[in-house]
Amino acid sequence: MNKKLDIKIIAIIIAVSATLGVFHNALRVERVPLIYTPKPEVWESDSALFINDSTKNNRIPHSNSVTDTTPPSKNSTVKQEAVQTGPKTITLKQAYRLFKNRSAIFIDARDKWEFSDGHIKGALNIAQYSFDKNNTVLKKIGKNKTMVVYCSESDCDMSEKLAGQLFEIGYTRVYIFKEGYEGWVSSGFDVETGAIE
Amino acid sequence: MKKLLKNQKLLLFSRSVFAFVFIFAGIEKIINPADFSISIQNYRLLPLYTVNFIAITLPWLELVSGILLLFGNYNKENTAILCSLLVIFTFLIIISMIRGLNIDCGCFGSTMSQKAGWGKIIENFFLLLLGLHVVVITEHQKDVAK
């Protein structure tokens, strides 16, 4: 009695499957490159990020309300914002400046348990894992608001994914804060615990 | 218990369910290999230059092995392939949990998001039992026939 597996058969099945996969991919309209090459990070400049800071004499009042979508006043000299082609990445320094200026809404892309354990002060939780465009938190946020999306640290890609999803549904001023919660905490910036009801 | 396990209908059930799960999983990932590539990347274990090739070929292995198994061809070999994949997937999930990664397991493509966690490990364990049932009883029946 032969109890051994036929390795030749296994090798043939694997080879045929791989060949079918490569051929199918080659025939696809949206084919995937056989060798993955990572996309380079696109960083946002200070001038594009802090457009309002250039108008110190005609500063637009900052609002703590996330529903504030009041357009700039007629006397404002705020420049037209450049159109973003996709979410860009911002540094810790830029994120903190937005935080201090209260000119962005911080979105925590982690799940609710991690969010509850600790998050950037004032951040809202939209778990990337269960993202839905009809999310109740999103309904309170105007599409012209600046949003900074983060997750745990630079290895975590939930912030990138969620930012992409938000951008696709019309939130064009969304930025990725790659250093995330760990980077924020290690810099000693403001955090808080608990879930927001 | 032994008599139950050797029951032909139960064996066919085990083989069919086991095969169908992988056929379904394979098809879902073949539909969107780009998303599956991202899922593989999320585990942060493999060199990045390999993830696309795996995303393109692995689902076809699941599909081909699943179909062959469903039609009763090379049961032992196909079950071995699929059980091996199952063990590897479970191992990857355990590693990601230890590392504290909060990721989608990528098991059924992007249409069915499932967190890489205990639920998935338990699911895989029962699936592995089905696979072992197929390979052990099939082998036993060959011995008896001889």
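Tutor: Contact here means heavy atoms within 4.5 Å of each other. Keep that in mind, and remember that this is a predicted model.

Student: What covers the buried residues of α3(B)?

Tutor: The cover includes α5 (158-168) of chain A. It also includes α2 (8-31) and α4 (48-70) of chain B.

Student: Why is α3(B) called largely enclosed?

Tutor: Count its residues. The helix spans residues 33-42 of chain B, and seven of its ten residues are buried, so the rest of the structure largely encloses it. Among the buried ones are B:Pro33, B:Phe36, B:Ile40 and B:Asn42.

Student: How do you know whether B:Lys29 is buried or exposed?

Tutor: Set its value against the cut-off. Buried means under 20% relative accessible area. B:Lys29 has 2% relative accessibility, so it counts as buried. This lysine sits in helix α2 of chain B.

Student: Which residues is B:Lys29 in contact with, leaving aside neighbours within four places in sequence?

Tutor: They are B:Phe36, B:Pro59, B:Glu62, B:Gly106, B:Cys107, B:Phe108 and B:Gly109. One of them, B:Phe36, is also a buried residue of α3(B).

Student: What follows α3(B)?

Tutor: B:Arg44 follows α3(B). This arginine is in the loop between α3 and α4 of chain B.

Student: What makes the phi of B:Arg44 worth a remark?

Tutor: The angle is near 55°, a positive value, and the residue is not glycine. B:Tyr74 is another non-glycine with a positive phi, about 45°. That tyrosine lies in the loop between α4 and α5 of chain B.

Student: Why does B:Arg44 count as partly exposed?

Tutor: Partly exposed lies between the buried limit of 20% and the exposed limit of 50%. B:Arg44 has 31% relative accessibility, so it counts as partly exposed. B:Tyr74 has 46%, so it too counts as partly exposed.

Student: Why are α1(A) and α5(B) called oblique?

Tutor: Look at the angle. Helix α1 (residues 7-27) of chain A packs against helix α5 (residues 75-98) of chain B at about 60°, with axes 9 Å apart. Roughly parallel needs under 35 degrees, and roughly perpendicular runs from 65 to 115. The pair is therefore oblique. The crossing is right-handed.

Student: Which residues make the contact of α1(A) with α5(B)?

Tutor: α1(A) gives A:Ile9, A:Ile10 and A:Ile13. α5(B) gives B:Glu77, B:Asn78 and B:Ile81. These residues divide into four nonpolar, one polar and one charged.

Student: What makes β2(A) and β5(A) count as paired?

Tutor: Pairing needs at least two bridges between the strands. β2(A) and strand β5 (residues 147-150) of chain A have four, in the parallel sense. In that pair, A:Ile107 stands opposite A:Val149.

Student: How do you know that β2(A) and β4(A) pair?

Tutor: They share two bridges, again in the parallel sense. A:Asp108 has A:Asn125 of β4(A) as its bridge partner.

Student: Which way do the residues of β2(A) point?

Tutor: A:Ile105 and A:Ile107 point one way, A:Phe106 and A:Asp108 the other. All are buried. In a regular strand, side chains alternate between the two faces of the sheet.

Student: How many helices and strands does chain B have?

Tutor: Chain B has six helices and zero strands. Of its 146 residues, 51% count as buried.

Definitions and conventions: Residues numbered from 1 in each chain as written. Chains lettered and ligands numbered in written order. Predicted model: local features only at pLDDT ≥ 70, side-chain atom pairs only at ≥ 80, totals over all residues. Heavy atoms only, no water. Buried < 20%, exposed > 50% of the residue type's maximum accessible area, 1.4 Å probe, protein only. Axes fitted to C-alpha atoms, helices over the stretch in contact; angles between N-to-C directions. Parallel < 35°, antiparallel > 145°, perpendicular 65-115°, else oblique. Left-handed = near helix turned anticlockwise from the far one by under 90°. Nonpolar A, V, L, I, M, F, W, Y, C, P; charged D, E, K, R; others polar.
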